[in-house]
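Reader: I have just opened this model and would like to go through it with you before I plan anything around it. Could we start with how a pair of neighbouring helices is arranged?

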Amino acid sequence: MYPRNSAAPFAYRLTPDEVVRRLRHLPSAPRVLPRLKTLLTDPNSSMAEVVGLIRVDPGIAARVLQIGNSAYYSHGSRCYTVEEAVNRVGYDNVFELVANAVASQVLVRPLAAYGMEADQLWHGAVACALSAEIFAGKLELDRDIAYTIGLLHSVGMVAIDEWAFTQQHTINFGPSALPLETCETERTVLGFHNAEAGAALLRWWEFPAVMSEPVRWQYLPRGTAAHFEFACLLHVSKWLRNAVCSKDEAPPMPDAALLRSMNLTPSALEEMVPQVASRVDEVNSMLEAGLPDKSVIAFPNGGREVSGHAVKRNFIDRYA
């Protein structure tokens with residue numbers, strides 16, 4: 001018996017690489033692109049402002065990192081952060097990258113396969129990224145790598161949804177809960193789960209294993225010895241993500257052994273929720289800064305109005 005409204009297994013077995021090869025772009029959050037475009041076309045804006053905004057959008061951050069690590073720019077030296085990638089690519093090329101994304105209207109849309117709204121996807125990505133960054137500071141791990149894997153942890157869901165959309169397959173995985181979320185249903189229907197698709201996408205873009213493998217093992221961190229620390233960090237960060245973003249009761253605590261490996265207790269984890277929520281609010285305010293009262297953002301199935309609000313600049317000053 002399959003979950004209500006879910007699709008039956010496909011007659012042939014898919015692989016994550018098959019799904020990934022059909023994708024050209026990742027959608028970008030609707031509130032990020034207008035603000036970023038404004039910054040990039042304003043001669044008075046600074047590179048720090050551009051970098052600060054790029055860091056909070058999974059699609060744009062991934063593409064900037066992808067180009068920064070391309071053969072043309074890398075010269076054999078890999079970059080791991082948005083800051084490094086922007087410095088390599090240069091101001092004019094970052095503008096071209098974003099302009100192409102806007103022109104082709106490859107923007108974020110609700111993930112029909114997961115019953116997820118666009119804003120929900122963005123909010124969860126940023127909350128997870130900020131959580132991962134905080135944990136990295138406590139564990140003396142690379143904060144920028146932690147932020148990036150937190151930001152991109154759900155790109156596999158985007159890839160699967162985009163594949164289903166372009167292939168005109170109707171799939172509905174329905175609601176999900178930690179720790180495994182939709183993994184079991186995805187494996188039944190597709191033959192793989194979203195974390196495997198996300199890792200395949202990062203590998204396709206030539207992301208290093210230190211980023212792709214934690215994404216792959218985010219549900220079962222013990223499955224990787226070489227990347228256990230970051231995989232465990234991501235796994236626990238998703239608990240904070242849900243605690244911050246969910247309006248329902250708190251999610252079940254992560255495995256006690258995983259918490260001990262991070263020198264965390266359940267009470268210490270709960271105490272971090274307000275800190276992450278406050279930082280997410282700062283990001284939210286920054287993204288809405290400087291927008292007109294209403295902007296119409298193009299989606300594949302029509303337009304949508306996005307409201308703008310007052311300026312709050314301290315996020316850029318603190319985190320850029």
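**Helix packing, burial and confidence**

Author: α8 and α9 are roughly antiparallel to each other, a label given to angles over 145 degrees, whereas those under 35 count as roughly parallel, 65 to 115 as roughly perpendicular and the rest as oblique. This is a predicted model, in which local features need pLDDT of at least 70 and side-chain atom pairs count only at pLDDT 80 or more, while totals for chains, interfaces and linings use all residues. Residues are numbered from 1 along each chain as its sequence is written, and side-chain values use heavy atoms, with hydrogens and water left out.

Reader: And at what angle do the axes of α8 and α9 cross?

Author: They cross at roughly 155° and come within 7 Å, with α9 covering residues 143-151. The axes are lines fitted to C-alpha atoms (for helices over the stretch in contact), and the angles run from 0 to 180 degrees between N-to-C directions. The helices themselves are DSSP runs of H or I with at least four residues, strands are runs of E with at least two, and both are numbered from the N terminus.

Reader: Is that crossing left-handed or right-handed?

Author: α8 passes α9 in a right-handed crossing, meaning that the near helix is turned clockwise from the far one by less than a right angle, with anticlockwise giving left-handed.

Reader: Which residues in α8 and α9 meet there?

Author: From α8 the list is Ala125, Val126, Cys128, Ala129, Leu130, Ala132, Glu133, Ala136 and Gly137, and they meet Arg143, Ala146, Tyr147, Gly150 and Leu151 of α9. By class, the residues of this contact divide into 10 nonpolar, 2 polar and 2 charged. Here Ala, Val, Leu, Ile, Met, Phe, Trp, Tyr, Cys and Pro count as nonpolar, Asp, Glu, Lys and Arg as charged, and the others, Gly among them, as polar.

Reader: I was also looking at Ala127; is it buried or exposed?

Author: Ala127, which lies in helix α8 (residues 118-139), is buried, with a relative accessible area of 0%. Buried means under 20% relative accessible area, exposed over 50%, and partly exposed in between, using a 1.4 Å probe and protein chains only.

Reader: What is Ala127 in contact with, leaving aside its neighbours within four places in sequence?

Author: Those partners are Arg241, Cys245, Val276 and Val280, where contact means heavy atoms within 4.5 Å. The C-alpha atom of Ala127 is also separated by 8.1 Å from that of Leu151, a residue 24 places away along the chain.

Reader: Changing topic, at what angle do α3 and α6 pack?

Author: Helix α3 (residues 47-54) and helix α6 (residues 82-89) pack at about 130° with their axes 10 Å apart, and that makes α3 oblique to α6. The contact is made by Met47, Val51 and Ile54 of α3 with Val82, Glu83 and Val86 of α6, and its residues divide into 5 nonpolar, no polar and 1 charged.

Reader: How many of the residues of α3 are buried?

Author: It is 6 of the 8, so α3 is largely enclosed by the rest of the structure. The buried ones are Glu49, Val50, Val51, Gly52, Leu53 and Ile54.

Reader: Which peptide bond is cis, with omega near 10°?

Author: That is the bond from Leu178 to Pro179, and Pro179 is in the loop between α10 (155-167) and α11 (183-190). Glu181 is placed in the loop between α10 and α11 as well, and its phi is near 50°, a positive value in a residue other than glycine.

Reader: Before I rely on any of this, where in the chain is confidence lowest and where highest?

Author: Confidence is lowest in helix α18 (residues 314-319), at a mean of 30, and highest in helix α14 (residues 228-245), at 96. These values are pLDDT, the predictor's confidence in each residue from 0 to 100. The mean for the chain is 76, and 76% of its residues reach 70 or more. I would read two stretches with care: pLDDT stays under 50 over residues 99-107, and also over residues 289-320, for which the model has 70 contacts beyond four places in sequence.

Reader: And for the overall picture, how many helices and strands are in the chain?

Author: There are 18 helices and 2 strands, and of the 320 residues 54% count as buried.
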